[in-house]
Amino acid sequence: EIYAQTGATNSNCIDLVISSCGNYIYSIGGGYLTITDVSDPSKPVIRSIFNNTDQYPNDFGDTRQIALIPGGGKDGDAVIFTGRISGAFIVDVSDPDAPVETAHYDALEMATGIAVYEGYAFIANRQYGVEVVDISDIYNPVHLGTVARGGEVQSCKVVDGILYCGIYDKNKVELYDVTDVLKPTLLGTANLDGNGDGLTDATIH
């Protein structure tokens with residue numbers, strides 16, 4: 001198991017992504033970002049445990065989901081993750097021993113789900129739908145608009161230019177063409193037997 005260490009205790013990993021090179025795991029949980037070196041899978045080594053509790057009330061908060069920004073950092077990757085009421089955070093993880101927070105983004109509501117597609121972040125904000133944010137400059141994220149305002153969106157994923165929005169309270173997944181992020185187009189709806197939550201691209205290829 002991968003843990004995000006929180007002071008004297010360990011909090012189970014809530015979500016994680018793998019670095020572009022495959023040598024690092026970036027995991028979140030309990031308000032912490034943990035970078036683990038898995039270049040030798042038989043001997044994983046924690047390289048850093050990062051939080052920003054000194055920046056309350058803009059600390060990482062109730063961390064929920066994380067996404068990779070491939071090549072988005074100064075000399076490598078960056079990550080973006082959600083912290084519910086605390087919004088979203090972008091961290092340059094180019095140096096696994098010294099990650100740097102580059103931006104705090106004050107999302108529209110409870111930032112929960114997160115997806116990245118071609119320089120844009122898609123933040124699931126429950127009743128406020130999915131917020132589209134330009135993250136081409138990881139120091140200056142810019143709000144562009146919203147998608148899927150017809151229910152409580154908890155999770156989202158983007159695959160090949162299609163945004164999948166899990167509408168929790170409506171028991172459905174809505175699909176949007178976001179190849180032009182300024183003009184998202186509803187493609188269709190998949191009705192579910194239960195709540196629309198917990199999307200992964202492994203289930204939609």
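Start by selecting aspartate 37: it is buried, at a relative accessible area of 13% (buried is under 20%, exposed over 50%, partly exposed in between, using a 1.4 Å probe and protein chains only). Keep in mind that this is a predicted model, where local features need pLDDT of at least 70, side-chain atom pairs count only at pLDDT 80 or more, and totals for chains, interfaces and linings use all residues. Residues are numbered from 1 along each chain as its sequence is written, and side-chain values use heavy atoms, with hydrogens and water left out.

Aspartate 37 sits in strand S5 (residues 32-37) and arginine 47 in strand S6 (residues 45-50), so the pair ties together parts ten residues apart in sequence. Strands here are DSSP runs of E, at least two residues, numbered from the N terminus. Arginine 47 is partly exposed, at 28% relative accessible area.

Next, jump to aspartate 62 and arginine 64, a salt bridge at 3.1 Å, N to O. Aspartate 62 is partly exposed at 40%, and arginine 64 is partly exposed at 30%.

Last stop: lysine 172 and glutamate 174, with a salt bridge at 3.2 Å, N to O. Buried or exposed? Lysine 172 and glutamate 174 are both buried. The structure holds four salt bridges.

Terms used:
A salt bridge is a side-chain nitrogen of Lys or Arg within 4 Å of a carboxyl oxygen of Asp or Glu. Helices (H or I, at least four residues) and strands (E, at least two) are DSSP runs, numbered from the N terminus.
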